[in-house]
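Open the structure in your viewer and keep the selection tool ready. We will go stop by stop, picking residues and saying what is there.

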Amino acid sequence: MAESITITDNRTGESLEIPIDNGGVDAAEWRKLLPGVWFHDPGLATTSGADSAITELDGENGILRYRGYPIEQLAQQSTFLEVSYLLIHGELPTQAQLDAWVHEITHHTFLHEKFRTRMYDAYHYDAHPMGLLTSSVAGLSTFYPEAKDIDDPDVRMKQIVRLIAKMPTMAASAHRHAMGLPYVFPDNALDYPSNFLNMMFQVGNPYEIHPALHKAMEILLILHADHEQNCSTTAARVVGSAHADPYSSVAAAAAALYGPRHGGANEAVLNMLDEIGSLDHVPAFIESVKAGEGRLMGFGHRVYKNYDPRAAIIKDAAYDVFEVTGKNPRLDIALKLEEVALSDSYFVDRKLYPNVDFYSGLIYESMGFPVEMFTVLFAIGRTPGWLAHWNEMLEQNSRIARPRQRYTGAGVRDYVAIDAR
Ligand code: CMC
């Protein structure tokens with residue numbers, strides 16, 4: 001027998017049986033019986049907003065798959081651009097398809113000169129690079145007005161290519177601006193991670209990229225590439241559902257990612273490790289978290305109630321990087337924090353485990369990225385995911401996102417003139 005639920009309106013005695021389909025029940029059925037009774041769900045923790053074939057996440061069992069492929073296999077065997085193709089197109093590319101995709105992306109990495117010079121120079125030297133990135137993504141929409149034609153799949157694909165291609169250029173430009181360094185142009189002879197690292201770090205002499213650091217960069221980008229209906233992807237979908245252009249939708253996603261509960265957590269982890277300072281301060285810090293004085297950043301997840309599989313891969317990758325760069329001095333504090341937290345009932349009972357952000361910052365820092373760039377790196381990685389969801393939503397001809405509310409304010413009252421208040 002098919003699984004279902006029955007809801008009964010106790011005011012009228014009327015009942016309705018709703019089938020459970022793929023783990024969800026259709027709210028349209030609910031509306032039929034209960035028009036004007038809203039399903040109250042702040043944080044949308046119990047609400048499915050999409051039918052999506054992109055990423056499968058089983059938080060109870062620590063499983064993450066892109067288009068059916070386990071994240072562990074993709075991280076070890078694929079490249080970021082191949083994974084981007086997979087997310088956007090739904091299948092792994094043939095060699096010819098991959099070559100064409102890489103060629104397209106490589107040849108869209110440049111920024112319009114006016115944009116590059118005027119945009120970044122308008123900002124103060126200490127502007128946070130996420131602020132620069134978010135506004136530059138939004139600004140790109142003014143350079144590509146044809147992007148508004150969101151009904152044309154070819155136009156959509158063109159902007160997808162542009163965004164994936166230009167993200168590293170914008171990110172590196174934000175960094176060079178902050179450092180007062182001259183911008184480095186994209187180099188079409190380099191692959192995606194190498195080009196980004198070169199634009200970031202080249203000063204004078206050609207920048208030599210160690211293969212272990214290149215591999216780590218590739219892995220980190222792949223691990224961040226998608227995570228189904230997370231906060232920033234939801235922001236992109238909500239803005240995209242109004243039929244805004246993709247630059248505006250991705251800018252909204254980047255703004256959401258900036259928050260310390262989301263992609264800003266990697267930066268917050270490093271700051272937290274600095275604040276703790278030494279191993280003997282770890283127990284007191286854990287006690288302060290348990291007393292509600294702050295959160296253990298890089299721990300906990302809305303969906304994972306088990307070890308985040310991305311955190312496990314990153315932890316391994318960290319050791320490979322440290323073999324080249326030397327051990328990050330904060331690693332011991334992070335390991336101790338993890339050990340203490342995972343044996344403490346506060347964290348165990350709430351199923352709080354390290355998430356993707358707990359160890360990623362240690363790698364980024366050892367590779368030479370300033371702390372402010374960590375969330376920018378997350379944004380580069382997440383861009384194909386945001387775009388895959390945006391594109392999928394438009395293919396499905398979705399409705400505009402427009403939730404309801406429970407009104408809790410004042411009843412009707414007459415306006416009072418200011419001198420009578
Ligand atoms: N440290 C201490 N306590 C925590 C933490 C934490 N990091 N995370 C959750 N809790 C507690 C929380 O206080 C609550 O306790 P109680 O039931 O006693 O009130 C319980 O665990 C459930 O927390 P919640 O806030 O209802 O959980 P949520 O699903 O709404 O929030 C989260 C998920 C990721 C925002 C949260 O765990 C958090 O703030 N973590 C720290 C920030 C972080 O690392 N974010 C990166 C997430 S992974 C990358 C990404 O997707 O962006």
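A residue is buried when its relative accessible area is under 20%, exposed when it is over 50%, and partly exposed in between. Keep these cut-offs at hand for the whole tour. One caution before the first stop: this is a predicted model.

**Stop 1**

Select Arg67. Arg67 sits in the loop between strand 4 (63-66) and strand 5 (69-70). Its relative accessible area is 22%, so Arg67 counts as partly exposed. Now check the backbone. Arg67 is not a glycine, yet its phi is positive, about 50°.

Move on to His243. Which loop holds His243? His243 lies in the loop between helix 10 (231-241) and helix 11. Here too the phi is positive, at about 70°, although His243 is not a glycine. With 42% relative accessibility, His243 is partly exposed.

**Stop 2: helix 3 and what follows**

Select residues 80-89, which make up helix 3. How many of its 10 residues are buried? The count is 9, so the helix is mostly covered. Colour the buried ones: Phe80, Leu81, Glu82, Val83, Ser84, Tyr85, Leu86, Leu87 and Ile88.

**Stop 3: aromatic pairs**

Next come the rings. A pair of aromatic rings is described by the distance of the centres and the angle of the planes. The structure holds 18 aromatic pairs. Select Trp30 and Phe39. Their ring centres are 5.7 Å apart and their planes meet at 80°, so this pair is edge-to-face. Are these residues buried or exposed? Trp30 is partly exposed, with a relative accessible area of 23%. Phe39 counts as exposed, at 51% relative accessibility.

Now select Phe196 and Phe369. This aromatic pair is stacked, with 5.9 Å from centre to centre and 15° between the planes. The pair links distant parts of the chain, 173 residues apart. Phe196 belongs to helix 8 (residues 192-201). Phe369 is in the loop between helix 17 (356-367) and helix 18 (374-395). Both Phe196 and Phe369 are buried.

Ring pairs join Phe196, Phe201, Tyr207, Tyr364, Phe369 and Phe374 into a cluster.

One more ring is worth a look. Select Tyr346 and Arg350. Arg350 lies over the face of Tyr346, 3.8 Å from the ring centre.

**Stop 4: the ligand**

Centre the view on the ligand. How many residues surround it? There are 20, and the closest are His262, Arg295, Leu296, Gly298 and Arg302. By class, the shell has 9 nonpolar, 6 polar and 5 charged residues.

Go to Gly298. Here a backbone N or O atom lies 2.8 Å from an oxygen atom of the ligand. Then select Phe299. A polar backbone atom of Phe299 is 2.9 Å from a nitrogen atom of the ligand. How much of the ligand does the protein cover? On its own, the ligand has 940 Å² of accessible area, and the protein covers 73% of that.

**Stop 5: a serine contact**

Select Ser249 in helix 11 (residues 246-257). Ser249 is buried, with a relative accessible area of 1%. Follow its side chain. The side chain of Ser249 reaches the backbone nitrogen of Gly240 at 3.4 Å.

**Stop 6: two distances to draw**

Use the distance tool for this last stop. Select Asn188, in the loop between helix 7 (153-179) and helix 8. Asn188 is partly exposed, with a relative accessible area of 38%. Draw a line from its C-alpha atom to that of Ile105. These atoms are separated by 9.7 Å, while the residues are 83 apart along the chain.

Finish at Arg116 in helix 5 (residues 113-121). Is Arg116 buried or exposed? Arg116 is buried, at a relative accessible area of 11%. Draw a line to Gly300, again C-alpha to C-alpha. Arg116 and Gly300 are 38 Å apart in space and 184 residues apart in sequence.

Conventions:
Residues are numbered from 1 along each chain as its sequence is written. Side-chain values use heavy atoms; hydrogens and water are left out. Rings of Phe, Tyr and Trp (its six-membered ring) pair if their centres lie within 6.5 Å; planes under 30 degrees apart count as stacked, over 60 as edge-to-face and the rest as tilted. Buried means under 20% relative accessible area, exposed over 50%, partly exposed in between (1.4 Å probe, protein chains only). Helices (H or I, at least four residues) and strands (E, at least two) are DSSP runs, numbered from the N terminus. A charge sits over a ring if NZ of Lys or CZ of Arg is within 6 Å of the ring centre and within 35 degrees of the ring normal. A residue is near a molecule or strand if one of its heavy atoms lies within 4 Å of it. A polar contact is a pair of N or O atoms within 3.5 Å; within protein, one must be able to donate a hydrogen and the other to accept it, and residues adjacent in sequence count only if both atoms are side-chain atoms. Accessible areas come from the Shrake-Rupley method with a 1.4 Å probe; for residues, only the protein chains shown count as cover. Ala, Val, Leu, Ile, Met, Phe, Trp, Tyr, Cys and Pro count as nonpolar, Asp, Glu, Lys and Arg as charged, and the others, Gly among them, as polar.
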